[in-house]
Amino acid sequence: MSNKELLYHSTYIKMALVWASLSKSKRKKVGALVVKDGTIISDGYNGTPTGFPNDCEDIDGNTHWYVLHAEANAILKTARSTQDISGSTLYLTLSPCKDCSKLIIQSGIKRIVYLEDYRDLDGIKILKTAGVEIIKISDL
């Protein structure tokens with residue numbers, strides 16, 4: 001990877017970290033950016049669906065089942081827009097879970113750049129099987 005590519009990847013990851021800070025989750029704040037042809041076309045962070053109270057956890061600290069992951073939010077935003085997500089790069093502060101990986105594959109995203117590993121790396125495995133390029137940025 002060239003220094004220029006690394007600079008852009010690092011910059012978009014830093015921006016995803018800013019989006020993550022908007023999450024109301026107490027357990028883990030995650031941010032996502034979708035970039036295509038050098039333009040940010042979508043963004044997201046983990047949170048509740050539109051119209052729901054923005055409390056991600058119940059009184060015992062367990063995440064509500066209906067909380068959307070950052071990448072799902074970013075992908076679903078494009079469904080309500082004129083943006084074509086296919087061929088884009090998804091920048092994440094945390095690697096995707098299995099369910100979000102299925103959304104990534106079906107949406108046509110071709111590259112994932114992420115900062116931290118999710119506790120279960122099966123999502124990364126299925127993405128690799130599907131031919132999605134995976135880049136982990138370990139040093140900002």
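1. Five strands make up an open sheet of mixed pairing, in the order E2-E1-E3-E4-E5. The structure is a predicted model, in which local features need pLDDT of at least 70 and side-chain atom pairs count only at pLDDT 80 or more, while totals for chains, interfaces and linings use all residues. Residues are numbered from 1 along each chain as its sequence is written, and side-chain values use heavy atoms, with hydrogens and water left out. Helices (H or I, at least four residues) and strands (E, at least two) are DSSP runs numbered from the N terminus; two strands pair if DSSP finds at least two bridges between them.

2. The edges of the sheet are strand E2 (39–45) and strand E5 (133–136); each has a single partner strand, so one side of each lacks a neighbour in the sheet. On average, neighbouring strands are turned by 20 degrees against each other, direction ignored. The axes behind this angle are lines fitted to C-alpha atoms, for helices over the stretch in contact, and angles run from 0 to 180 degrees between N-to-C directions.

3. Strand E1 (residues 31–36) pairs with E2 in the antiparallel sense over six bridges, and valine 35 has isoleucine 40 in E2 as its bridge partner. The hairpin of E1 and E2 has two residues between the strands, and aspartate 37 there takes a positive phi near 50 degrees. By contrast, strand E3 (residues 89–94) and strand E4 (residues 111–116) run parallel and are joined by five bridges; leucine 92 is partnered by tyrosine 114 in E4.

4. Serine 42, in strand E2, is buried, with a relative accessible area of 4% (buried means under 20% relative accessible area, exposed over 50%, partly exposed in between, with a 1.4 Å probe and protein chains only). A polar atom of the serine 42 side chain lies 2.6 Å from the backbone oxygen of alanine 74. Not counting residues up to four places away in sequence, serine 42 touches Ala32, Leu33, Val34, Ala74, Lys77 and Thr78, where contact means heavy atoms within 4.5 Å.

5. In helix H4 (residues 122–129), Gly123, Ile124 and Leu127 are buried. They cover an arc of only 95 degrees around the axis, which puts them on the same side of H4; the arc is that of the directions from the helix axis to the C-beta atoms. The buried residues of H4 pack against helix H3 (98–107), E4 and E5, whereas the face turned away carries the exposed residues Lys125, Lys128 and Thr129. Just after H4, glycine 131 takes a positive phi of about 85 degrees.

6. The largest nonpolar core has 22 residues, of which Leu90, Ile104, Ile109 and Ile112 touch the most other members. Such a core is a set of buried Ala, Val, Leu, Ile, Met, Phe, Trp, Tyr and Cys residues joined through side-chain atoms within 4.5 Å. Two or more residues each come from E1, helix H2 (70–79), E3, H3, E4 and H4, with H2 giving the largest share, four residues. A second, separate core of ten residues includes Ala16, Val35, Tyr91 and Ile137.

7. Leaving aside neighbours within four places in sequence, the contacts of isoleucine 112 include Leu90, Ile104, Leu127 and Val132. Valine 132 lies in the loop between H4 and E5 and counts as buried at 8% relative accessibility. Residues touched by valine 132, not counting those up to four places away in sequence, are Ile109, Lys110, Arg111, Ile112 and Leu127.

Notes:
Polar contact = N/O pair within 3.5 Å; in protein donor to acceptor, adjacent residues only side chain to side chain.
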